[in-house]
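Here are some friendly notes to read with the model open beside you. Take the points one at a time and find each residue as you go.

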Amino acid sequence: MTEPPEASAAAARPGPGARAGSAGAPGTPPSAGPGAAGPQAAGPGPGTAGRRAAGPRSVTARATAAGVIVSVLLILAIVLGSRLLENFDSALLPYAVATVFLAFGVAYRYTVWVSAPGARRLFKQGWRSFFSVANFRKAPTALPRMIATYLGFQKFLGARSHARWAAHQLIFWGCILASLITFPLTWGWFTFTSGSGSGPGYEMRIWGFKIIGFDSLDILGWLMFHGLDIAAVLVIPGASYFLWRRMKDRGAITGQRFAYDLVPLIALIVISVTGLLLTFSSIFLHGGGYEFLAVLHMVSVVFTLIYIPFGKFFHIVQRPAAVGMQLFKYTARQDQEVLGCRRCEEPIDTGPYVENLRGTMRDLGLDFDEWAEYCPRCKRVLRGSAYLSQVKKGFK
């Protein structure tokens, strides 16, 4: 990036972290030109190429090891939780195998993601804020509120569109309900047993221990046996809205990709519709077409579970990490550590957050990290001034 004309000499520049007016002229931007002095301007050392070559291999090895460990732990949990497979339903074996692949993929992808400098800093700062006693003393209710508003009700989506927020809530709570039912049943952790063989009295057991008894003909029993149908009814309108939007909205059409944006929505709809059809077949068709629908439903579920770590659904795993970063920013604002733009002195963000961004830029080898201390408008003005004076000299 070319240095703007009003930049002073390197010796007169304010050092990293300087506030507006603390050193040099208020409009003095950092030097990011090709000839900037300092260690970042120097060429790579003799071991840099070797480290770059070894880096991806080491990340892959760590990610593979993490995936294998998590998969083995899940298999052990399935075996022990089902009482040495005594409560495991062999008809659900494909689903269980898919969850093992899901565990491997999530651990693998998450390890790769956290290995990136930006994500690693976010991850560390998030956990540091999460376990900080000082943060808890300053704002004891901050974390529960952020979990409820940022993860649960996702209020940030409401600022974009109330319709998108409502559709996302339908998908979110429908998938949460389906997961809470499907995974424990698949692993043999949940069982429903009847003393008479055919009901109507049933017992729900977790890990073999009785939790509650219920009558399948009352409201509680109906909810127990139709929880997945309720989840499907929630998911279908939400996924259909987003699918319709991606067919009609110009902004969505421009940047969408079929495998990344449309396949997840289609998969959710197929899973929900085939699940409802299974119930319809058993109640109204006396089991007609049930086997075909069961296979179609199983294939769609298995495909989606394997797809989650490597597609758009991975943001479900990433989102909780962002809560820690939001807590990090919130607690910094409580101390009024807001950094002002070095040119116009307008507030940008909290000082610790800006310094965290600068650290990430340094980790990535970007030698213009001081530009993080400028607001977006001033960055555009300074870049325009540099272009006018250095590239198009004399242009009026």
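Which residues is Ile-181 in contact with, leaving aside its neighbours within four places in sequence? Point 2 gives the reply.

1. **Before you start.** This is a predicted model, in which local features need pLDDT of at least 70 and side-chain atom pairs count only at pLDDT 80 or more, while totals for chains, interfaces and linings use all residues. Residues are numbered from 1 along each chain as its sequence is written, and side-chain values use heavy atoms, with hydrogens and water left out.

2. **Ile-181.** Setting aside neighbours within four places in sequence, Ile-181 is in contact with Gly-227 and Leu-228 (contact means heavy atoms within 4.5 Å). You will find Ile-181 in helix α7; helices (H or I, at least four residues) and strands (E, at least two) are DSSP runs, numbered from the N terminus. Ile-181 counts as buried because its relative accessibility is 19%, given that buried means under 20% relative accessible area, exposed over 50% and partly exposed in between, with a 1.4 Å probe and protein chains only. Ile-181 and Met-224 are 43 residues apart in sequence, and their C-alpha atoms are 9.3 Å apart in space.

3. **The largest nonpolar core.** This core has 19 residues, and those with the most contacts inside it are Ala-239, Leu-268 and Leu-305. Two or more residues come from each of α2 (93–115), α7 (162–187), α9 (227–248), α11 (258–284) and α12 (290–307), and α11 gives the most, with 5 residues. A nonpolar core is a set of buried Ala, Val, Leu, Ile, Met, Phe, Trp, Tyr and Cys residues joined through side-chain atoms within 4.5 Å.

4. Look for Thr-191, which stands opposite Arg-205 in β2.

5. **The hairpin.** Strand β4 (residues 338–340) pairs with strand β5 (residues 347–350) over 3 bridges, in the antiparallel sense. Val-338 has Thr-350 in β5 as its bridge partner. The hairpin has 6 residues between the strands, and Glu-345 takes a positive phi near 65° in it.

6. **Cysteines.** How many disulfides does the structure hold? The count is 0, where a disulfide is a pair of cysteine sulfur atoms within 2.5 Å. The sulfur of Cys-341 is too far for a bond because the closest cysteine sulfur, in Cys-378, is 3.6 Å away. The sulfur of Cys-344 also has its closest cysteine sulfur in Cys-378, at 3.6 Å, too far for a bond. Cys-341 is buried, at a relative accessible area of 0%, whereas Cys-344 is partly exposed, at 31%.

7. **Aromatic rings.** There are 20 aromatic pairs in the structure. Phe-104 and Tyr-108 have ring centres 6.1 Å apart and planes at 25°, so this pair is stacked. Rings of Phe, Tyr and Trp (its six-membered ring) pair if their centres lie within 6.5 Å, with planes under 30 degrees apart counted as stacked, over 60 as edge-to-face and the rest as tilted. Phe-104 and Tyr-108 are about one helical turn apart because 4 residues separate them in helix α2. Phe-183, Trp-187, Trp-189 and Trp-207 are linked into a cluster by ring pairs.

8. **Two residues in one loop.** Arg-83 is in the loop between α1 (48–81) and α2, and Leu-85 lies in the loop between α1 and α2 as well. Arg-83 has a positive phi near 60° although it is a residue other than glycine, and Leu-85, not a glycine either, has a positive phi of about 70°. Arg-83 counts as partly exposed at 37% relative accessibility, and Leu-85 counts as partly exposed at 44%.

Notes:
Two strands pair if DSSP finds at least two bridges between them.
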